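Work through the exercises below with the model open. Each task is followed by a solution in steps.

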Amino acid sequence: MEVATVIAFFIGITALFRVAAGNLGLRTLNVVSVTYYTFVIMPFFGASLAYLGVVNGHYLVAKASLEAIRQTFFLVALTGLVLPIIVIGYNAIFGNIRAGVSLRRKIEQPFNQVFSSKRLYTVSVILLIVCAAATIYTFVSIGSIPALDLLVGSETSAAEMRAEAGRGFRGIELIRNLFMLTLAPLVSFLCLISYRAFGSRNWRNLFFLSFALTVVALTYNLEKGPIVYYVLFLFIILQLVGIRPSVVQMAAFGGVVVLLVLIGYFLTYGTAGLVLSFENGPVSRLVTTSIATLMLHIQTFPDQVSFLGGRSLPSLYTDFLGLDDGWIRSGRIVMELYKPN
């Protein structure tokens with residue numbers, strides 16, 4: 001019964017997203033189809049594995065009740081149906097029935113006739129300098145460069161380094177989160193798009209420089225997930241700017257991504273065997289752990305802890321709204337309940 005339910009929801013979600021996106025082909029991605037693959041590969045697949053009892057040994061899923069797992073699956077599955085229905089309804093109301101065709105036309109419109117290459121280059125250089133300054137500021141605030149320490153053979157474990165990179169950060173989080181972790185990838189995307197549009201050597205060099213800086217920024221605390229996401233988004237942007245990779249090129253690209261993850265896990269843990277596990281490793285982090293935290297949230301609120309009522313917002317907003325004890329993170333509350341160590 002559970003297997004039939006999962007299959008039925010998967011077919012329904014796929015059919016609706018295909019109508020909403022116009023095309024789910026990997027060589028003709030658009031915003032809606034990317035949303036479909038992101039949703040199916042992570043929350044839906046993870047919730048389905050837990051619902052079917054495949055990942056009962058996962059350290060967080062094991063703490064969730066069967067009812068919490070069931071509720072999470074149906075909430076995620078229904079969300080997968082509602083999302084494309086909203087897109088379809090929006091397109092129908094505004095007369096944009098063939099969403100894929102309309103989006104493709106917008107993507108193919110050249111922007112190099114609108115923007116000045118020189119001005120855009122100047123802005124990109126300034127933004128890149130800001131990103132570099134924020135990255136240097138972050139490492140200074142941490143007091144070390146974890147990736148470099150790992151390469152030179154530090155006695156501290158990778159897990160301890162990653163934890164210390166978070167707890168040991170004494171600077172302003174806004175600078176790290178906004179100007180390093182968020183802005184650096186966006187600048188590299190802008191440079192890639194501009195290089196595709198203008199084709200000059202300066203843009204090519206600026207993209208490679210921004211790419212290197214982004215890799216350093218996203219791996220500052222030895223996490224591997226952000227860099228995988230970044231590479232995947234680069235792949236999507238290549239398609240959006242008109243570069244259609246062949247099946248062989250796509251396979252080679254996937255192989256490079258997997259190889260990078262394997263190398264990262266080998267350097268961090270001394271083994272790459274965790275990669276393909278749904279209960280440990282990067283696949284588990286992407287597919288199982290993220291949805292397991294939602295299960296524990298559903299199990300926690302409001303049966304064990306009352307709803308936060310907006311107190312999880314940053315203190316800037318809670319102060320404005322007159323709420324006491326602002327910025328109480330729901331994730332921290334859940335961790336204190338289920339894994340306090």
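**Exercise 1. Packing of H1 and H3**

Task: In this predicted model, determine how the axes of H1 and H3 are placed relative to each other, and which residues make the contact.

Solution. 
Step 1. The axes of H1 and H3 come within 9 Å and cross at roughly 20°.
Step 2. Angles under 35 degrees count as roughly parallel, so H1 and H3 are roughly parallel to each other.
Step 3. H1 passes H3 in a left-handed crossing.
Step 4. On the H1 side, the contact is made by Thr 5, Val 6, Phe 9, Gly 12, Ile 13, Leu 16, Phe 17, Val 19 and Ala 20. On the H3 side, the contact residues include Phe 73, Phe 74, Ala 77, Leu 78, Gly 80 and Leu 81, and also Pro 84, Ile 88 and Asn 91.

**Exercise 2. Packing of H9 and H10**

Task: Describe the orientation of helix H9 (residues 201–218) and helix H10 (residues 225–240) by the angle and distance between their axes.

Solution. 
Step 1. The two axes come within 9 Å, and their crossing angle is roughly 150°.
Step 2. Angles over 145 degrees count as roughly antiparallel, which makes H9 roughly antiparallel to H10.
Step 3. The crossing of H9 and H10 is right-handed.
Step 4. The residues that meet are Phe 207, Phe 211, Thr 214, Val 215 and Leu 218 in H9, and Pro 226, Ile 227, Tyr 230 and Leu 234 in H10.

**Exercise 3. A serine in H8**

Task: Is Ser 188 buried or exposed, and which residues does Ser 188 touch beyond four places in sequence?

Solution. 
Step 1. Ser 188 lies in helix H8, which covers residues 173–198.
Step 2. The relative accessibility of Ser 188 is 0%, and buried means under 20%; Ser 188 therefore counts as buried.
Step 3. Leaving out residues up to four places away in sequence, Ser 188 touches Phe 207, Ser 210, Phe 211, Thr 214 and Tyr 230.
Step 4. Among these, Phe 207, Phe 211 and Thr 214 are in H9 and Tyr 230 is in H10, and they take part in the meeting of those two helices.

**Exercise 4. Salt bridges**

Task: How many salt bridges does the structure hold, and how are the partners spaced along their helices?

Solution. 
Step 1. The structure holds 2 salt bridges.
Step 2. One of them joins Arg 70 to Glu 67, with the closest N and O atoms 3.7 Å apart. These residues are 3 apart in helix H3, so about one helical turn separates them.
Step 3. Arg 70 is partly exposed at 41% relative accessibility, and Glu 67 is partly exposed at 41% as well.
Step 4. Glu 336 and Arg 332 also form a salt bridge, at 3.5 Å from N to O. They are 4 residues apart in helix H14, and are therefore separated by about one helical turn.
Step 5. Arg 332 has a relative accessible area of 55% and is exposed.

**Exercise 5. Two loops**

Task: Where is Pro 302 found, and what does Trp 327 contact beyond four places in sequence?

Solution. 
Step 1. Pro 302 is in the loop between H12 and helix H13 (315–321). The peptide bond from Phe 301 to Pro 302 is cis, with omega near -5°.
Step 2. Trp 327 is in the loop between H13 and H14 and counts as partly exposed, at 41% relative accessibility.
Step 3. Trp 327 and Pro 314 are 13 residues apart in sequence, while their C-alpha atoms are 4.7 Å apart.
Step 4. Beyond neighbours within four places, Trp 327 is in contact with Arg 311, Ser 312, Leu 313, Pro 314, Ser 315 and Thr 318.

Technical notes: Residues numbered from 1 in each chain as written. Predicted model: local features only at pLDDT ≥ 70, side-chain atom pairs only at ≥ 80, totals over all residues. Heavy atoms only, no water. Salt bridge = Lys/Arg side-chain N within 4 Å of Asp/Glu carboxyl O. Buried < 20%, exposed > 50% of the residue type's maximum accessible area, 1.4 Å probe, protein only. Axes fitted to C-alpha atoms, helices over the stretch in contact; angles between N-to-C directions. Parallel < 35°, antiparallel > 145°, perpendicular 65-115°, else oblique. Left-handed = near helix turned anticlockwise from the far one by under 90°. Contact = heavy atoms within 4.5 Å.
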